[in-house]
Amino acid sequence: YSPLAVDATGAAKIKPATIQYFYFKRSTSFGSFSLFDTNIYTNIPFPAGGDVLGNTTGFGFGTDASGTVNSQSVSNISYLTIPEPGVYLFEMYQTALCTGLPTTSSNTGQIAINTIFTTANSGSSAYTTNTIFRDYAIARRSATGGIHSSSYGYANPQKLIVAYQSTTVNEKVALFVNYAGGDSYNTPTCQMN
């Protein structure tokens, strides 16, 4: 059997036999950021370099010095460029933690954190949300896993899985995290591993 695909002009083609992929494994954590305001977006950086362990798709790297996410101002937006139209599967797994005690407590014992998949056209720095995944950081653990009444020091899983159809050449993709609710930290003591 020869699997069929459709190219950018809409013509039927034989699907390439090789699987294209981009694999990035972050070697250092990023942060320090706050989690208290739903209108503040923290960019998840994707720098070119040793953390890129494979890039047969030909994704490019860039940074917008300033831009917007859903009309909110953001600086230093690290993004990936999708070189050609197609359907791409994005999967991201990371862990969130905040050191110290929360600034405010909502008695939920958790922080709701959004991981946001955004896109922008080539040449634009106005990013819009395509998909939001919400995970929760659960309190009552220290960084070593010991029981603690209100610490968010233990790494809490955060994930994002998106099947995205790019329709233009050099479309930009950027990832962000932001506060969605629950306990909060208004000081820059949170990070992602």
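What is the volume of the largest cavity?

Author: The largest cavity has a volume of about 30 Å³, taken as the space filled by probe spheres set on joined grid points. A cavity is a set of points on a 1 Å grid over the protein atoms alone where a 1.4 Å probe fits but cannot get out; a pocket is an open set with protein on both sides within 12 Å along at least five of seven lines; and lining residues have an atom within 4 Å of a point. The search gives one cavity of 30 Å³ or more.

The model is predicted, so local features need pLDDT of at least 70 and side-chain atom pairs pLDDT 80 or more, while totals for chains, interfaces and linings use all residues. Numbering runs from 1 along each chain, and side-chain values use heavy atoms, without hydrogens or water.

With three residues, β13 supplies the largest share of the cavity lining. By class, five of the lining residues are nonpolar, three are polar and one is charged, where Ala, Val, Leu, Ile, Met, Phe, Trp, Tyr, Cys and Pro are nonpolar, Asp, Glu, Lys and Arg charged, and the others, Gly among them, polar.

Strand β4 covers residues 30–35 and holds serine 32. Serine 32 is joined to glycine 31 by a cis peptide bond, with omega of about 5°.

Strand β13 spans residues 171–182 and also contributes two or more residues to the largest pocket. (Buried is under 20%, exposed over 50%, partly exposed in between, with a 1.4 Å probe and protein chains only.)

The whole structure has two salt bridges. In the other, the side chains of aspartate 135 and lysine 159 meet at 2.7 Å, N to O. That pair also links distant parts of the chain, with aspartate 135 in strand β11 (residues 126–138) and lysine 159 in strand β12, 24 residues apart. Aspartate 135 is buried, with a relative accessible area of 9%, whereas lysine 159 is partly exposed at 33%.

The open space is another matter. The largest pocket has a volume of about 1400 Å³. It is lined by 41 residues, and Gln20, Thr57, Val87, Tyr88 and Leu89 are the closest to its centre. Two or more lining residues come from each of β1 (4–6), β2 (12–14), β3 (22–24), β9 (86–98), β12 (152–166) and β13. Strand β9 makes the largest contribution to the pocket lining, nine residues. The pocket lining divides into 25 nonpolar, nine polar and seven charged residues.

Tyrosine 21 sits in the loop between β2 and β3 and is partly exposed, with a relative accessible area of 42%. The loop between β7 (60–69) and β8 (72–82) holds asparagine 70, whose phi is near 50°, a positive value in a residue other than glycine. Asparagine 70 is partly exposed, at 31% relative accessible area. Asparagine 76, in strand β8, likewise is not a glycine and has a positive phi of about 50°. At 52% relative accessibility, asparagine 76 counts as exposed.

As for the setting, the protein chain has zero helices and 14 strands. Its C-alpha atoms fill a box of roughly 60 × 35 × 30 Å along the principal axes. Of the 193 residues in the protein chain, 38% are buried.

Technical notes: Helices (H or I, at least four residues) and strands (E, at least two) are DSSP runs, numbered from the N terminus. A salt bridge is a side-chain nitrogen of Lys or Arg within 4 Å of a carboxyl oxygen of Asp or Glu.
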